Amino acid sequence: MDPMDSISPEKNRLDQYVKLNIGGHLFQTTIGTLTSQQGMLKSMLKGDFENKKDSDGFLMIDRDGEHFREILNFLRRGSISLSRSTKELEDILAEAEFYQIEPLVCMLKEKLSALEEKKTHFESHSNIVTLTTEKEMEEIVKKASKPIICLQVTRSSHLSKDIGDQIIQLQSIASAYSDVFLFVLLLLETSQYQLHWMYYLDGERVVISSLTQFASSGPMLKFFAKYLRNLKAQNSPQN
């Protein structure tokens, strides 16, 4: 008996590759991957779907192709990276709801709920904005009307001896000078050790010496914003 005879027609069908055109983005995967979760894709691929293909053999869906990549990753692995900006997570959630992939919908809603809770907590109890992705930091930098003082910390540095002192210093100056600056604690999920201060003015990063020289003299912080603006003016091309 040929071993191939023991392979069921259904198994052969699940291993078949399908080409998809999602909003102009082209993908190729198996029927098994697309039907691994209950939802719209599984319903669409039931039975004979040849009549749903275009002249080039692509299944066409008029949705966001960029975010379909994350839908496909979830179908393949059962998870996706959640270290993204709130806007990205909301966009992916919209696609997950369209494709009716309930486990991904629940995962994204839980993450967004946690981010909103964290944001609300710090807005109510702190003068420090806490972010978890570089894209969120980019959005804040673009929109901020005040100079920004940011302490960037990575997961591997959370337990270091000096991180506690640095956060205490951030909290101390934030409580005193939140009317002058926007204070940000940027917590990144990466194994690479990073612990440093960053400064921004009018949407651009400003290279400056350590915050310590300002924090140690107290009143100097009151003039820090003016100092940064003067520094930028000096470095700008003259008309």
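Student: How many helices and strands make up the secondary structure of the chain?

Tutor: In this predicted model, the chain has 10 helices and eight strands. A run is called a helix if it has at least four residues and a strand if it has at least two.

Student: What makes E1 and E3 a pair?

Tutor: Pairing asks for at least two bridges between two strands. Strand E1 (residues 17-22) is joined to E3 by four bridges, so the two count as paired. They run parallel, and Leu20 stands opposite Leu59 in E3.

Student: Which strands form the open sheet, and in what order?

Tutor: Three strands form the open sheet, in the order E2-E1-E3, and the pairing is mixed. From one strand to the next, the twist averages 30°.

Student: Why are strand E2 and strand E3 called edge strands?

Tutor: Strand E2 (25-30) and strand E3 (58-61) each pair on one side only.

Student: Where does helix H4 lie?

Tutor: Helix H4 (residues 65-77) lies across E1 and E2, and runs at about 10° to E2.

Student: What share of the chain counts as buried?

Tutor: The share is 39% of the 239 residues. A residue is called buried if its relative accessible area is under 20%, so these residues fall below that cut-off.

Student: And what makes up the accessible surface?

Tutor: The surface comes to about 14100 Å², and carbon and sulfur atoms hold 50% of that.

Key
Residues numbered from 1 in each chain as written. Predicted model: local features only at pLDDT ≥ 70, side-chain atom pairs only at ≥ 80, totals over all residues. Heavy atoms only, no water. Buried < 20%, exposed > 50% of the residue type's maximum accessible area, 1.4 Å probe, protein only. Areas by Shrake-Rupley, 256 points an atom, 1.4 Å probe, with all protein chains shown as cover. Axes fitted to C-alpha atoms, helices over the stretch in contact; angles between N-to-C directions. Contact = heavy atoms within 4.5 Å.
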